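Subject: Structure for your review

Dear colleague,

Please find below the structure that I am handing over to you, followed by an account of what was found in it.

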Amino acid sequence: MLEPHTRGGPVFRNPTEVAPPLGHYSHLAIVPAGTRLLVLAGQTGHAPDGSLPESADAQYRNALANVLAILASEGAGPEHIVKLNSWLTEPLSRESMRAVRLDLLGSAAPPATLGYLSGLALPMLKVEIEAWAAVPV
């Protein structure tokens, strides 16, 4: 079981009644009373200047960085993420994704879903990441 990262913040758990997570994430996030819920729209791999790299690896890094930038604008960080959904149109290596997550999320291990789709809103988009976060009030 992982303990809360911040006082009054979400609590993360991996119940022993199910198999352990397949990667660095938690099966359960508990959002305590007295927190502010942040629901982010899906973030694409655009850089802050609006440019879009061609590679899915670079888009993945940018999309996750965009999630963190939005959270930071509300005084939150990766430790406040209670759900992270990643949608890809082409495979990324687990090692590459793990390295980006470790670099940007550190030890945070929120519940996560990874899915592959035939396409996103625009043909050049290869990655979209959406997140929910809970911030102590």
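In strand β7, glutamate 128 is the residue that stands opposite threonine 44. Please bear in mind throughout that this is a predicted model.

Strand pairing

One of the pairs here is threonine 35 with proline 136, its bridge partner in β7. Seven bridges link β5 with β7, and these strands too are antiparallel. In this case isoleucine 81 has alanine 133 of β7 opposite.

Strand β3 covers residues 35-39 and includes valine 39. On the surface, Val39 forms a nonpolar patch together with Leu37 and Trp132, and the accessible area of the three comes to about 290 Å².

The structure contains three salt bridges. One of them joins glutamate 74 to arginine 36, with 2.8 Å between the closest N and O atoms. Because arginine 36 belongs to strand β3 while glutamate 74 sits in the loop between α1 (56-73) and β5, this pair ties together parts that are 38 residues apart in sequence.

The largest pocket

The largest pocket holds about 480 Å³ of space. Its lining is made up of 17 residues, and those nearest the centre are Gly23, His24, Tyr25, Arg94 and Arg101. Which element gives the most to this lining? That is α2, with five residues. At least two lining residues come from each of β5 (81-88), α2 (94-105) and β6 (112-116). Sorted by class, the lining of the largest pocket comprises ten nonpolar, four polar and three charged residues.

Yours sincerely

Key. Residues are numbered from 1 along each chain as its sequence is written. This is a predicted model: local features need pLDDT of at least 70, side-chain atom pairs count only at pLDDT 80 or more; totals for chains, interfaces and linings use all residues. Side-chain values use heavy atoms; hydrogens and water are left out. Patches are made of residues with over 30% relative accessible area and no salt bridge: like charges are joined within 9 Å, nonpolar side chains (Val, Leu, Ile, Met, Phe, Trp, Tyr) within 5 Å. Accessible areas come from the Shrake-Rupley method with a 1.4 Å probe; for residues, only the protein chains shown count as cover. A salt bridge is a side-chain nitrogen of Lys or Arg within 4 Å of a carboxyl oxygen of Asp or Glu. Helices (H or I, at least four residues) and strands (E, at least two) are DSSP runs, numbered from the N terminus. On a 1 Å grid over the protein atoms alone, a cavity is a set of points where a 1.4 Å probe fits but cannot get out, and a pocket is an open set with protein on both sides within 12 Å along at least five of seven lines; lining residues have an atom within 4 Å of a point. Grid points are joined across faces, edges and corners, and a volume is the space filled by probe spheres set on the points. Ala, Val, Leu, Ile, Met, Phe, Trp, Tyr, Cys and Pro count as nonpolar, Asp, Glu, Lys and Arg as charged, and the others, Gly among them, as polar. Two strands pair if DSSP finds at least two bridges between them.
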